[in-house]
Amino acid sequence: MCHFFWNQCAQITRNTAELAKLNRNPGLLYPLIKLVFSMGDKLDSISLGFTAHAIAKISSCSKLQVDPKLWDTLRDNAMKVESFTAKQTGNILWSFAKADHPVPELFDKMATHAMSMLDDFARTPKTMSTTLWAYAKLGHPAPELLGAFSPLITEKANVLDEQDISNALWAYSKLGVEDPELFDAIARTASRRLSRFQPRPISVIFLSFSHINHDVPQFFDAAEDVVIQSFQTFTPRQFHNVLTAYTIKGHKPHKLLEAVKESSLKWNQFNPYEMMKVLEAYAKFDCKAPNLFDNLAKELIAQIDRIRPSELPGILRPYAQLQHNCSELFDAISQRIQEGEYVFSQEERDDLIWAYEGLGYEVPQL
């Protein structure tokens with residue numbers, strides 16, 4: 001029955017018409033879920049893995065609302081099962097993480113169990129990546145497990161696909177586990193194959209490298225040409241992740257900055273924070289871009305009501321750093337400050353004063 005349930009859900013997620021039908025009437029699956037619910041602790045390891053994966057998959061792709069008690073039932077069942085394969089372990093952990101349902105006691109048990117079957121995981125590198133992603137997604141520390149997986153991932157980096165590479169790197173970055181040898185292996189692999197990666201994993205790799213205390217200049221050098229060819233297909237968030245990584249690491253992407261200056265990016269699709277990160281990158285590397293700064297100023301004025309007080313210094317500081325006069329933007333923000341009930345920290349206040357005075361503008365009452 002559980003295999004049937006999983007197969008039905010898999011077919012629905014692959015069929016646009018069936019998914020639309022389920023979104024119109026999520027209750028269509030309730031009888032099956034209720035049946036699974038009633039089985040309680042009768043699920044073996046195979047059925048448990050199939051069931052959890054199916055429920056997480058279908059609920060993430062539709063409007064189906066799953067009772068949290070069902071996840072608790074699955075957790076209780078999993079705590080009683082003594083033996084899982086590596087793939088079953090990865091599926092169960094992925095399911096709880098995908099459902100955003102923390103189960104610390106189960107994750108602790110699974111980490112210990114996983115370390116007892118490293119050879120099984122070594123034969124299925126993708127499962128390692130899935131497992132790591134689950135721990136990072138729920139922010140569940142597992143330093144011993146990550147330490148045990150590290151040499152395996154380092155050895156298998158060449159056979160991991162783009163999603164596995166980005167997920168594994170993101171997990172170590174998110175959980176704060178530093179492993180220079182692993183990072184170098186991933187950097188070498190990603191550098192060779194980056195031209196075949198989609199924007200999302202490229203962005204995740206950049207984001208992850210920006211948060212670790214290890215420099216991989218060879219990756220940033222190799223990646224620049226790839227990003228230049230594809231950055232206009234990136235989402236605003238993906239794009240600012242890339243630029244922010246260069247900024248944080250202090251690795252100047254000269255050709256990329258020049259290419260962006262001449263591009264026709266749709267800045268109205270960026271939010272104020274994302275535009276701020278673009279401005280900061282140009283200021284960081286002392287790269288003047290008059291037309292770009294003017295275009296961003298126009299869009300920031302259009303989105304003035306969406307700018308958070310904490311973003312104001314970061315938006316204005318680059319204009320002052322590069323001595324780019326833009327009275328319209330500064331006036332609009334001055335008016336917004338006067339109209340709003342903003343509370344600034346001393347550092348934010350000092351930065352705002354510096355930016356206004358640096359361009360010779362009257363400082364608003366802060």
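Which residues in H6 meet which residues in H9? The legends below take up this contact, then other views of the predicted model.

**Figure 1. Contact of helix H6 with helix H9.** From H6, the residues Ala-86, Lys-87, Gly-90, Leu-93, Trp-94, Ala-97 and Lys-98 meet Thr-127, Thr-130, Thr-131, Trp-133, Ala-134, Tyr-135 and Lys-137 in H9. Sorted by class, the contact of H6 with H9 has 7 nonpolar, 4 polar and 3 charged residues. H6 spans residues 86-98 and H9 spans residues 125-137; their axes come within 8 Å and cross at roughly 30 degrees. Because angles under 35 degrees count as roughly parallel, H6 is roughly parallel to H9. The crossing of these two helices, H6 and H9, is left-handed.

**Figure 2. Packing of helix H11 with helix H13.** The axes of H11 (residues 162-174) and H13 (residues 199-210) lie 9 Å apart, and the helices pack at an angle of about 25 degrees. H11 is therefore roughly parallel to H13. On the H11 side the contact is made by Glu-162, Ile-165, Ser-166, Leu-169, Trp-170 and Ser-173, and on the H13 side by Pro-201, Val-204, Ile-205, Ser-208 and Phe-209. These residues of the contact of H11 with H13 divide into 7 nonpolar, 3 polar and 1 charged. H11 passes H13 in a left-handed crossing.

**Figure 3. Surroundings of Phe-209 in the largest nonpolar core.** The largest nonpolar core has 115 residues, and Phe-209 is among those with the most contacts inside it, together with Phe-206, Phe-219, Phe-239, Tyr-282 and Tyr-319. Leaving aside neighbours within four places in sequence, Phe-209 is in contact with Leu-169, Phe-183, Ile-186, Ala-187, Val-216, Phe-219, Phe-220 and Lys-249. Of these partners, Leu-169 belongs to the H11 side of the contact with H13.

Figure 4. Apart from neighbours within four places in sequence, the residues in contact with Tyr-246 are Phe-206, Phe-220, Ala-223, Glu-224, His-251, Pro-253, Leu-256 and Phe-285. One of them, Phe-220, is 26 residues from Tyr-246 in sequence, with a C-alpha to C-alpha separation of 7.6 Å in space. Phe-220 is also in contact with Phe-209.

**Figure 5. The chain as context for the close-up views.** The chain contains 21 helices and 0 strands. Buried residues account for 53% of its 366 residues. Among contacts between residues at least 6 apart in sequence, 77% join residues at least 24 apart.

Conventions: Residues are numbered from 1 along each chain as its sequence is written. This is a predicted model: local features need pLDDT of at least 70, side-chain atom pairs count only at pLDDT 80 or more; totals for chains, interfaces and linings use all residues. Side-chain values use heavy atoms; hydrogens and water are left out. A nonpolar core is a set of buried Ala, Val, Leu, Ile, Met, Phe, Trp, Tyr and Cys residues joined through side-chain atoms within 4.5 Å. Buried means under 20% relative accessible area, exposed over 50%, partly exposed in between (1.4 Å probe, protein chains only). Contact means heavy atoms within 4.5 Å. Axes are lines fitted to C-alpha atoms, for helices over the stretch in contact, and angles run from 0 to 180 degrees between N-to-C directions. Helices (H or I, at least four residues) and strands (E, at least two) are DSSP runs, numbered from the N terminus. Angles under 35 degrees count as roughly parallel, over 145 as roughly antiparallel, 65 to 115 as roughly perpendicular and the rest as oblique. A crossing is left-handed if the near helix is turned anticlockwise from the far one by less than a right angle, and right-handed if clockwise. Ala, Val, Leu, Ile, Met, Phe, Trp, Tyr, Cys and Pro count as nonpolar, Asp, Glu, Lys and Arg as charged, and the others, Gly among them, as polar.
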